[in-house]
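Here is a guided walk through one protein structure. Keep the sequence and the 3D view side by side as you read.

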Amino acid sequence: MKFTLSWLKEHLDTTAGVDEIAETLTDLGLEVEEVVNPSEKLRGFTLGKVLKAEKHPDADRLRVCQVETDQGEKQIICGAPNAREGITVVIAHPGTYIPGIDTTIQVGKIRGVESHGMMCSEREMELSDEHDGIIELPSGAVGESFTDWLAANQPDKIDPVIEIAITPNRQDALGVEGIARDLAARGVGTKIEKPIAPVPGAFPSPINVTIDDDTLDGAPHFTGRLIRGVKNGPSPEWLQKRLKAIGLRPISALVDITNFFTYDRNRPLHVFDADKTHGDLRVHRAKGGEELLALDEKTYTFAPGMMIISGGRAPESIAGVMGGEDSGVTEDTVNVFLESAYWDPVTIARTARALKINSDAKYRFERGVDPEFTLPGLELATQMVLDLCGGEPGEVVSAGAATKTELSFRLDTDRCSSLVGMDIPAATQRETLERLGFTVDEAKTTEMGNQGAVHKWYRPPSWRPDILGEADLVEEVARIASLTNLEPKPMARAQVGVPRPILTTNQRREQAARRTAAALGYNECVTYSFIDQASAALFGGGTDATRVANPISSEMSHMRPALLPGLLQAAARNQARGFSDLALFEVGAAFHGGEPEEQYTLVTGLLIGRTALKDVHGAARDVTLYDAKADAEAVLAALGAPAKAQIFRDTAECWHPGRSGRVALGPKKTLAVFGEIHPKILKAMDVKGPAVGFTVWPAEIPEPRKAGASRGALDISDLQAVERDFAFVLDAGVEAVNVVNAAQGADKVLIEEVRVFDEFIGGALGDGKKSIAITVRIQPREKTLTDAEIDAVAQAVVAKVGKATGGVLRG
């Protein structure tokens with residue numbers, strides 16, 4: 001929304017400058033996007049007087065002028081034909097930037113004669129296209145600022161243009177009057193009230209208007225009047241300048257009048273050539289297939305239900321959007337029908353978007369104009385047509401009726417403090433609303449007062465359909481008072497003392513998982529929760545249960561069943577750019593359905609390539625499943641998982657069989673899974689291996705029995721531990737973890753640790769056999785163990801392992 005300062009001052013009596021107004025508008029919620037102030041580029045120009053003008057000794061068309069300036073008498077060479085003694089001119093001293101020629105003037109020699117400045121024309125100062133001579137001023141003192149002289153004598157030449165952004169709820173600010181109302185409510189001047197006098201009709205209108213019954217919901221009120229004997233031509237200079245300043249092209253007086261009221265009062269109008277409408281006007285819905293050549297010289301075909309205005313033969317206008325070319329006014333127009341109507345915002349928006357039309361009328365009607373200003377707007381426009389184009393007005397014709405708002409809301413003056421945090425006196429709150437056009441609903445106030453209520457009820461003005469409750473009244477009061485006056489205050493504590501922790505167990509676990517993975521050298525990724533169907537299917541998803549109803553692209557059609565697809569896609573993009581060694585992790589949600597209970601949080605890590613960069617020691621190697629296993633165990637430990645868990649071989653199809661494992665507390669309580677990514681997955685997702693990873697389910701980890709933050713007492717025995725080594729011959733298919741678990745269970749009190757330190761396959765053991773060597777650490781608690789007691793533990797280990805695995809001691 002653009003307007004000029006002088007235009008604003010036609011509705012606002014104020015002495016405020018453009019800077020103060022711009023700052024206030026932004027503070028009121030009408031954000032100023034740009035201020036174009038022509039006077040800023042003319043700051044350095046001053047007035048001077050030509051004392052003497054003589055012919056240049058070496059050029060017939062040049063004059064050597066002696067000019068009195070604020071810096072003393074200066075010699076200036078000028079080629080303008082009107083350069084002569086005694087005239088008052090505009091001076092640019094050396095160092096002044098000339099906007100019209102994009103040059104900074106300097107002292108120079110012209111045909112051997114020095115020139116100390118420049119006398120300017122209007123085009124050189126971008127005031128107009130006039131360049132036949134330099135500026136001659138009828139008045140002004142030597143040294144006076146040229147901008148001050150213009151402000152006093154020709155203010156339209158330096159009239160600032162202000163552009164503000166309009167939010168959808170402030171359609172009233174699409175008119176200069178509405179902007180002035182807000183500024184007056186703030187106290188930046190006084191709003192100028194302009195009474196609207198009805199224009200009496202001199203004859204009955206030969207053109208009548210009807211609205212079909214099925215169209216009244218989209219066109220509640222239509223008014224118009226015939227004006228005959230007008231003379232259409234160029235609009236007056238003041239109107240053309242005003243429209244040009246805001247970027248509109250003057251067309252003719254009649255069209256310019258409608259554009260003026262669109263911006264001045266937020267009242268879009270349309271003017272028909274009455275001799276081309278062929279009879280009465282009918283507002284109705286299209287049946288479908290009708291066509292209209294509009295004012296933008298495009299032909300539009302209407303869909304069923306669109307609102308149009310038809311004359312005696314065919315459609316003449318797209319209701320509330322754009323008029324028709326055939327019934328538009330021209331220089332030869334003599335009789336016009338002036339239309340002022342109120343249209344349903346939703347209907348206008350749907351029609352305009354379907355037809356892909358953007359016009360000033362559509363922009364305002366789809367946001368909602370003042371329904372009660374329909375007839376007053378017609379009267380104002382009629383008077384301006386008579387003033388500028390002459391003619392004789394007919395009687396007003398109308399169809400439908402103006403819609404009136406009957407809503408009213410209670411102003412609880414105490415809520416300003418509780419809702420906004422500002423203490424504003426009750427009288428000030430009421431005065432603010434009344435300045436904005438709110439009126440007291442006396443009937444409701446009296447009714448509620450009889451019931452014991454002490455607050456007044458206010459009815460919003462017809463131009464503010466966005467006011468829908470008590471909170472909106474408080475917002476208006478706070479907005480006018482300025483939210484910059486809001487003082488920050490700390491919130492009161494709900495209870496005395498140190499507040500209790502507010503993070504849930506799962507939130508703390510997510511935080512711990514992120515820190516642990518980052519400490520292990522992983523880089524965190526945040527990938528989309530949506531993936532393509534093919535990738536989702538590789539990880540057990542891609543079904544209709546996780547299909548997105550309105551995907552933004554074909555590559556985001558399903559909710560992800562796991563985090564690995566996103567990490568592998570990120571890895572593929574990095575590998576394509578030359579990064580082959582990667583350590584990525586993500587903490588996020590995965591889905592196996594569309595319901596809240598079908599969402600779960602995962603912690604997933606991915607290792608690809610080598611463990612480190614190449615070095616002279618050859619320490620770098622390819623990542624293995626044991627790297628993933630170690631990292632998964634580290635994350636589990638950080639999340640508080642039990643130290644003793646079982647590892648099962650049954651994993652999902654996306655993991656390499658035999659090179660992956662499932663960490664669980666029993667067959668069904670899975671805590672994590674780790675291992676190599678299946679080669680078919682890497683191929684499908686264009687990832688070059690080796691690639692290993694892990695996934696942790698934080699929610700499956702049991703809650704700690706003790707919720708306290710303190711650790712238990714350190715339990716250290718002062719007795720020396722004893723270690724014994726055992727080597728068992730086993731079938732090749734027996735897992736080492738079974739040997740460890742069996743040995744650990746031989747004596748749960750004395751055996752502190754069991755670890756594997758060697759494995760041997762083949763040789764003298766024969767086919768299908770292997771040897772597993774373990775170290776058992778025995779830690780006495782109450783007394784030093786005797787040899788017999790140690791031997792008893794050793795025998796228990798041998799027996800337990802033999803029973804669990806079928807293994808025998810190696811001889």
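Predicted model: local features only at pLDDT ≥ 70, side-chain atom pairs only at ≥ 80, totals over all residues.

The centres of domain 1 and domain 5, taken over C-alpha atoms, are separated by 56 Å. Domain 1 is built from two stretches, 2-37 and 160-191. Domain 2 covers 40-158. Further along come domain 3 (209-400) and domain 4 (409-481). Domain 5 runs over 505-700, and domain 6 over 722-809.

Now take the protein as a whole. It holds 20 helices and 42 strands. Its radius of gyration is 43 Å, well over the 28 Å that the globule rule gives for 811 residues, so the protein is more spread out than a compact globule. The C-alpha trace spans about 125 × 85 × 60 Å along its principal axes.

What share of the 811 residues is buried? Buried residues account for 47%. The exposed surface comes to about 41600 Å², and carbon and sulfur atoms supply 50% of that area. Contacts can also be sorted by sequence distance. Among those between residues at least 6 apart in sequence, 69% join residues at least 24 apart. As for charge, there are 89 positive and 116 negative side chains. The centres of these two sets lie 6 Å apart.

Next, zoom in on helix H7, residues 345-355. Its buried residues are Thr347, Ile348, Ala349, Thr351, Ala352 and Leu355. What do they pack against? Their partners are strands S18 (281-285), S20 (299-301), S21 (307-310) and S22 (315-318), together with helix H8 (360-365). Just after H7 comes Lys356, with a positive phi of about 60°.

Asn266 has a phi near 55°. It sits in the loop between helix H6 (253-264) and strand S17 (270-273). His278 has a positive phi of about 60°. His278 lies in the loop between S17 and S18. Are these two residues buried or exposed? Asn266 counts as buried because its relative accessibility is 7%, under the 20% cut-off. His278 is partly exposed, at a relative accessible area of 36%.

Finish at a peptide bond. Gly689 and Pro690 are joined by a cis peptide bond, with omega about 0°. Pro690 is found in the loop between helix H18 (679-684) and strand S38 (691-696).

How values were computed
Residues numbered from 1 in each chain as written. Heavy atoms only, no water. Helix = DSSP H or I, 4+ residues; strand = E, 2+ residues; numbered from the N terminus. Rg over C-alpha atoms; globule rule 2.2 N^0.38 Å. Buried < 20%, exposed > 50% of the residue type's maximum accessible area, 1.4 Å probe, protein only. Contact = heavy atoms within 4.5 Å. Areas by Shrake-Rupley, 256 points an atom, 1.4 Å probe, with all protein chains shown as cover. Lys, Arg positive; Asp, Glu negative; His and termini not counted. Charge placed at Lys NZ, Arg CZ, Asp CG, Glu CD. Domains from an automatic or database assignment.
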